[in-house]
Amino acid sequence: MSKTLEQLRSQWSTPCPTLTAVREHYFPHIKTDRRFRELINKGTIDLKLNKLHNSAKAQHVVYLHNLAQYLDNQADQNTQSA
């Protein structure tokens with residue numbers, strides 16, 4: 001288990017925070033969930049979205065292991081470009 005995932009698990013009380021919570025915490029410059037989903041779906045933000053069930057109204061969530069992988073990849077990219 002990565003150190004990032006351990007930190008996320010201690011930070012969040014759920015293994016799958018909502019899209020809104022992740023956006024507000026890690027992407028405050030993106031003002032709407034709709035825009036955040038667009039960027040993810042286009043591949044601009046390499047993050048995987050899930051729904052807890054197949055209802056059209058089900059909230060999108062981000063599993064902590066996917067968020068940890070995204071954050072680690074971003075850190076690696078920043079280290080390589082520095």
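Predicted model: local features only at pLDDT ≥ 70, side-chain atom pairs only at ≥ 80, totals over all residues.
Figure 1. The classification follows because buried means under 20% relative accessible area. N50 is found in strand β1, which covers residues 50–51. When residues up to four places away in sequence are not counted, N50 touches Q59, H60, V61, Y63 and N66.

**Figure 2. The protein as a whole.** Four helices and two strands make up the secondary structure of the protein, and, read from the N terminus on, these elements run α-α-α-β-β-α. The C-alpha atoms fill a box of roughly 40 × 25 × 20 Å, taken along the principal axes. The radius of gyration of the protein is 13 Å, which agrees with the value near 12 Å that a compact globule with 82 residues would have. Of the 82 residues in the protein, 33% are buried. Among the contacts with a separation of 6 or more, 42% are accounted for by residues 24 or more positions apart. The protein exposes about 5,700 Å², and carbon and sulfur atoms supply 47% of that area.

**Figure 3. The salt-bridge network of R23, E24 and D33.** The structure holds three salt bridges, and R23, E24 and D33 are linked in a network of such bridges. In one of its pairs, the side chains of E24 and R23 meet in a salt bridge, with 3.9 Å from N to O. In another, D33 forms a salt bridge with R23, and the closest N and O atoms of that pair are 2.5 Å apart.

**Figure 4. The salt bridge of R35 and E38 within helix α3.** R35 forms a salt bridge with E38, in which the closest N and O atoms are 3.2 Å apart. The two residues both lie in helix α3 and are three residues apart, about one turn of the helix. R35, at 36% relative accessibility, counts as partly exposed, and E38, with a relative accessible area of 34%, is partly exposed as well.

Figure 5. Leaving aside the neighbours within four places in sequence, L19 is in contact with D33, F36, R37, I40, L49, H60 and V61. One of these, D33, is the residue that forms a salt bridge with R23, while two others, H60 and V61, are also touched by N50. The C-alpha atoms of L19 and V62 are separated by 6.2 Å, although the two residues are 43 residues apart along the chain.

Figure 6. A68 is found in helix α4, which covers residues 64–81, and at 3% relative accessibility A68 counts as buried. With neighbours within four places in sequence left aside, A68 is in contact with S2, T4, L5 and L8. The C-alpha atoms of A68 and K3 are separated by 8.7 Å, while the two residues are 65 residues apart along the chain.

**Figure 7. D72, a further residue of helix α4.** D72 is found in helix α4 and is partly exposed, with a relative accessible area of 25%. Not counting residues up to four places away in sequence, D72 touches S2 and T4, and both S2 and T4 are also among the contacts of A68. D72 and R9 are 63 residues apart in sequence and, from C-alpha to C-alpha, 15 Å apart in space.

Definitions and conventions:
Residues numbered from 1 in each chain as written. Heavy atoms only, no water. Rg over C-alpha atoms; globule rule 2.2 N^0.38 Å. Buried < 20%, exposed > 50% of the residue type's maximum accessible area, 1.4 Å probe, protein only. Contact = heavy atoms within 4.5 Å. Areas by Shrake-Rupley, 256 points an atom, 1.4 Å probe, with all protein chains shown as cover. Salt bridge = Lys/Arg side-chain N within 4 Å of Asp/Glu carboxyl O.
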